Amino acid sequence: MITAISCSGNSMDSQVDTRFGRCPFFAIFDSESGKLRFEENPGKEAESGAGPAAVKFIASQGAQKIVSGEFGFKVKPLFDQLDIQMISIEGNKTVREIMELLKSN
Amino acid sequence: MPRPLKTRFVCSEPAVSGFRPYGGSTDGGSVPVVILCEEYEALRLSDYEGLSQMQAAGIMQVSRPTFTRIYISARKKIAAAFVEGRSMSIEGGKVIYNDGWYVCGKCGCKFESGKKEPSICPLCGGGDCFRKYDPVGEIKRSAGFSAMRGCGCGKRKCLKKR
Ligand SMILES: [Zn+2]
Ligand SMILES: [Zn+2]
């Protein structure tokens, strides 16, 4: 199962960025192989449509879950359509902490 | 020119699709007043649930001025229906129901499960430990909590408003 995590940097100790469409990076974690990679968010500086563009990007990475903060009404129906499950967290968690949770899963 | 409709978040479907007056001379026969779904929601959060406009705007994910505009429009329409003896129809707007969320009691995350009941938490894998996410209840609980925290201990500053 592949999970995308919106994050502020490209290391395991980077914080989860709760601004879904505007985060600088996405961590792409495969819980079966344990592999983790970081991809730059191609739409982070887009003038508009950053949310929908990020949804497309995440889908193209094969993700079935997305961990972020708030999801707006532009992206919610898109995730629903693509069957990508939205997970929202508050506070300061790192990519590493999210990975640990997903591994115990 | 009318403003183009924007999509809004709404958590609850109206209980009925409209209201009809009785007595008097009209019986609601004239053109009904159309209350948009987001206007219904704004009135529900503000006047029925008693949230502040700031809190209500947060739940609907609109700015505070936008919320105020929606809310005032709802009040005006309902006043018009009352005074003119017209029926009301709750419909339209461009809304997305944002109500399929759960809170995991184990890891604390919030996740969407759509129409189906969740079986495990998609983040920590915990089972049997979630509750339906209720933003209004959550706001009320945390408000009650912070009002009580400063009360009765005699040492901390009382947070209760007079
Ligand atoms: Zn959990
Ligand atoms: Zn007190």
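Q: What area is buried between chain A and chain B, and how should I read it?
A: Buried area is the accessible area (1.4 Å probe) that two parts lose on being put together, summed over both. In this predicted model, the area buried between chain A and chain B is about 1700 Å², with carbon and sulfur atoms giving 57% of that. Local features here need pLDDT of at least 70, side-chain atom pairs count only at pLDDT 80 or more, and totals for chains, interfaces and linings use all residues. Side-chain values use heavy atoms, without hydrogens and water.

Q: How many residues does the contact take from each chain?
A: Contact means heavy atoms within 4.5 Å. Here chain A gives 20 residues and chain B gives 20 residues.

Q: Which side chains meet in a salt bridge?
A: Look for a side-chain nitrogen of Lys or Arg within 4 Å of a carboxyl oxygen of Asp or Glu. The count between the two chains is one: A:Lys76 with B:Glu112, at 3.0 Å, N to O.

Q: Which elements of chain A each supply at least two residues of the side that touches chain B?
A: Helices (H or I, at least four residues) and strands (E, at least two) are DSSP runs, numbered from the N terminus. On chain A, these are β4 (65–68), α2 (76–82), β5 (85–88) and α3 (95–103). The largest share, four residues, comes from β5(A).

Q: Which strand of chain B does β5(A) pair with?
A: Two strands pair if DSSP finds at least two bridges between them. β5(A) pairs with β7 (residues 110–112) of chain B, antiparallel, over two bridges. There, A:Ser88 stands opposite B:Lys110.

Key: Residues are numbered from 1 along each chain as its sequence is written. Chains are lettered from A and ligands numbered from 1 in the order in which they are written.
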